[in-house]
Amino acid sequence: MQKFDAIIIGSGPNGLAAAITLQQQGLRTLLFEGADTIGGGMRTKELTLPGFRHDVCSAIHPMALASPFFRSLPLAAFGLSFIKPDYAAAHPLHNGETGLLYHSLAETVRGLGADGEAYRRLVEQVIVHWDELAPDIMGPLSLPKHPLRLARFGLDALQPASWTAKRFTTAKAKALWAGMAAHGIQPLSNWTTSAIAIVLSAIGNKYGWQIPVGGSQSIADALLRYYQSLGGEVQTDYWLQDIRELPPHQVLLCDITPRQLLQLKGTGLTAGYRRRLQRYRQGMGVFKVDWALAEMTPFKDLRCQQAATVHLGNTYAEIAEGERLGHLGKRVERPFVLFSQQSAFDPGRAPQGRHTGWAYCHVPQGSTVDYTALIEDQVERFAPGFKDTILARHTFSPAQLEQYNPNYVGGDINGGIMDITQLYSRPILALNPYRTSVENMYICSSSTPPGGGVHGMCGYQAARKALKEHFGIVVNGWSAGQ
Ligand SMILES: Cc1cc2nc3c(=O)[nH]c(=O)nc-3n(C[C@H](O)[C@H](O)[C@H](O)COP(=O)(O)OP(=O)(O)OC[C@H]3O[C@@H](n4cnc5c(N)ncnc54)[C@H](O)[C@@H]3O)c2cc1C
C-alpha cells in the first residue's frame with residue numbers, strides 16, 4: 001500500500017486548509033472524504049427545482065475574506081471570485097426602521113445616527129488593526145503577538161452582548177447589534193458574545209459580507225484545484241469508521257468533532273483524553289429552509305433586497321428571548337431568522353427571472369420540531385406576500401443536517417458551543433488543543449480554535465503544529481508556500 005506523510009479525514013474548509021498547509025511543504029498527503037464530493041459546509045446543489053442552485057450550508061463569507069490563511073492563497077487564480085452586495089446586512093424592524101451594516105465604517109456610523117459613535121468605538125480598533133489582531137484572535141491561546149491591542153479588544157469582546165448593547169440608545173442599533181451577536185448561537189447574556197458581534201461587524205465593514213460567484217461550492221473547488229496543483233491526492237466516497245482502514249501514514253489530521261473522534265475505531269485514544277472529549281458540549285442546532293422563488297422577496301424596505309444577509313428578528317428583546325429559549329431547549333415561537341437571496345447578486349443561481357432563498361434559525365440542540373412555518377411567518381412579517389412567491393422548498397431539520405454531514409451534531413453548525421468555556425479551550429483546555437492523546441493524531445475541525453465559520457484557520461493551525469512536531473518544519477506568518 002502507498003505510504004503518505006499525512007492523511008486528512010474530512011474535506012471541509014479546515015480539512016482543505018490543513019491539507020494545503022502540509023502539501024505546501026512538499027509532503028505527500030491524502031485528503032479523505034466520506035461524501036461523494038469534497039467541501040464539507042461549502043457545497044452548492046439543486047435542492048429544490050432544476051436550475052435553482054442552493055448553498056447547502058454556508059452562503060455568506062466575511063470570515064473567508066478576513067482569514068489570514070485564505071488571503072495568503074492564490075485562490076483567484078484558481079477560479080474564485082466574490083460579489084459584494086450593496087449592504088452586508090439589513091435588519092428591518094416592525095417600527096419601519098432598518099438597521100444597516102454597510103461595507104464601510106463611515107456609512108454604518110452615519111446610518112446609525114445617534115448611536116453611530118458608540119458603534120465606532122466598539123469596532124474601529126478591530127478594523128484598523130485586523131492584520132495584527134487576526135493571528136491572536138484566530139489561533140489557540142498563546143502569548144499574544146500584540147498584547148496591548150488584544151487587551152483593548154478583549155475589554156469589550158469578553159462582555160456579554162447584553163452589556164455592550166446598552167451603549168446604544170436606539171431600537172435600530174440595539175437590534176442590529178443583537179443580530180450580529182446572535183451569530184454566536186447562544187444566549188446574548190453569555191460572556192464573549194460581544195466578540196462575535198464586534199468581529200463580524202468589523203470585518204463586514206473592512207472586507208465585506210461577500211458571496212462567492214457560483215456559491216460556496218466555488219470556494220471548495222478553488223481550494224481543491226490549488227491543493228491538487230501542489231500534488232495533493234484525494235479520496236472521496238468513503239466514510240471512515242476505523243483508522244486501520246487507512247493507508248500507512250505518519251500523521252493523521254481529523255476534520256471531525258470530538259464525538260466522531262470518539263466513535264472512530266482503532267484510534268488508541270487514552271481513557272483520560274476520551275473522558276475530556278466526552279465533556280465537550282454542543283451548541284443549539286439550526287433548522288434550514290431553501291426556496292425556489294417566483295420573484296425577489298417583497299421586503300417592505302426594498303434596501304433589504306440588496307443586502308447579503310437579512311436578519312429577521314425585529315427588536316433586541318425578541319432576538320435575545322429567542323436565543324435564550326432555544327438554549328434552554330424550549331420551543332421558539334418567533335425564531336431569529338438569517339435570510340439570504342444569493343440569486344439577486346449571482347444570476348447563475350436561478351433560472352431567468354426566478355430567485356433562490358436561503359434561511360435558517362436557531363433551535364434547541366437536536367430539536368425534532370418542524371420550524372418551516374415559523375421561519376416563513378418571520379419572513380412574511382417583513383416581506384408581505386413572500387409566501388405567494390414560493391415555487392418549491394427544501395428543509396433540513398437538525399437531524400437531517402447531521403445525516404448530511406455528521407460534523408453537525410444535533411444540528412450544531414459551529415462544531416460545539418463557542419461560549420467562554422469553549423471558545424479557545426476546544427476540544428480541551430491545552431496549549432496545543434489540536435493534538436490528541438495519540439502522538440501523531442490531530443483534530444483540526446471547527447471544534448478547535450478559532451471555531452465555526454468558513455476560514456480554514458483551525459486546519460491551518462493544526463497543520464502548523466503537526467509540521468513542527470513531526471517534520472521539524474516551522475511555518476511562520478501567512479505567506480506560507482507563496
Ligand atoms: C446551514 C448552515 C449555514 C452556514 N452558514 C455559514 C455562513 O454563511 N458563513 C460561514 O462562514 N459559515 C457558515 N456555516 C458554518 C460552516 O459551514 C462551518 O463552520 C464549517 O463548514 C466548518 O468547517 P469544518 O472544516 O470544520 O467542517 P465541515 O465543513 O463540516 O467538514 C467536515 C467534513 O468531514 C467529512 N467527514 C465527517 N466524518 C467523516 C468520516 N468518518 N469519514 C470521512 N469523511 C468524514 C464530512 O463529510 C465533511 O465533508 C454554516 C453551516 C450550516 C450548516
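**Domains and their contact**

I first looked up how the protein is divided, and the assignment gives domain 1 as 4-44 + 214-281 + 414-471 and domain 2 as 82-211 + 283-404. I note at the outset that this is a predicted model, in which side-chain atom pairs count only at pLDDT 80 or more. Taken over C-alpha atoms, the centres of domain 1 and domain 2 are separated by 27 Å, and the contact draws 23 residues from domain 1 and 22 residues from domain 2.

Next I asked how much area is buried between the two domains. I find about 1700 Å², with carbon and sulfur atoms giving 59% of that area. On the side of domain 1, the residues that lose the most area to domain 2 are Ile417, Ile420 and Tyr424, which together give 29% of what that side buries.

For the polar part of the contact, I looked up the counts between domain 1 and domain 2, and they are one salt bridge and six residue pairs in polar contact. I also sorted the residues of domain 1 that touch domain 2, and they divide into twelve nonpolar, seven polar and four charged.

**Salt bridges**

I then searched the whole structure, which gives 21 salt bridges. In one of the pairs I opened, the side chains of Arg259 and Glu402 meet with N to O at 2.3 Å.

Arg281 forms a salt bridge with Asp419, and I read 2.7 Å between the closest N and O atoms. This pair links distant parts of the chain, since Arg281 sits in the loop between α13 (271-278) and β11 (285-293), while Asp419 sits in the loop between α16 (398-404) and β16 (441-443), 138 residues apart.

Arg381 is buried, and I note its relative accessible area of 11%; the cut-off for buried is under 20%.

The salt bridge between Asp377 and Lys387 has its closest N and O atoms 2.5 Å apart. Asp377 lies in helix α15 and Lys387 in the loop between α15 and β15 (390-396), so the pair ties together parts that are ten residues apart in sequence. I find Asp377 partly exposed at 37% relative accessible area, and Lys387 likewise counts as partly exposed, at 34%. I also noted a network, in which salt bridges that share partners join Asp55, Asp346 and Arg349.

**His91**

Last, I asked where His91 is found, and the answer is strand β6 (residues 87-92). His91 is buried, with a relative accessible area of 0%. A polar atom of the His91 side chain lies 2.7 Å from the backbone oxygen of Asn314. Leaving out residues up to four places away in sequence, I list the residues that His91 touches as Glu97, Thr98, Gly99, Ala175, Leu176, Gly179, His311, Asn314 and Ile319.

Key. Residues are numbered from 1 along each chain as its sequence is written. This is a predicted model: local features need pLDDT of at least 70, side-chain atom pairs count only at pLDDT 80 or more; totals for chains, interfaces and linings use all residues. Side-chain values use heavy atoms; hydrogens and water are left out. Helices (H or I, at least four residues) and strands (E, at least two) are DSSP runs, numbered from the N terminus. Buried means under 20% relative accessible area, exposed over 50%, partly exposed in between (1.4 Å probe, protein chains only). A polar contact is a pair of N or O atoms within 3.5 Å; within protein, one must be able to donate a hydrogen and the other to accept it, and residues adjacent in sequence count only if both atoms are side-chain atoms. Contact means heavy atoms within 4.5 Å. Domain bounds come from an automatic or database domain assignment. Buried area is the accessible area (1.4 Å probe) that two parts lose on being put together, summed over both. A salt bridge is a side-chain nitrogen of Lys or Arg within 4 Å of a carboxyl oxygen of Asp or Glu. Ala, Val, Leu, Ile, Met, Phe, Trp, Tyr, Cys and Pro count as nonpolar, Asp, Glu, Lys and Arg as charged, and the others, Gly among them, as polar.
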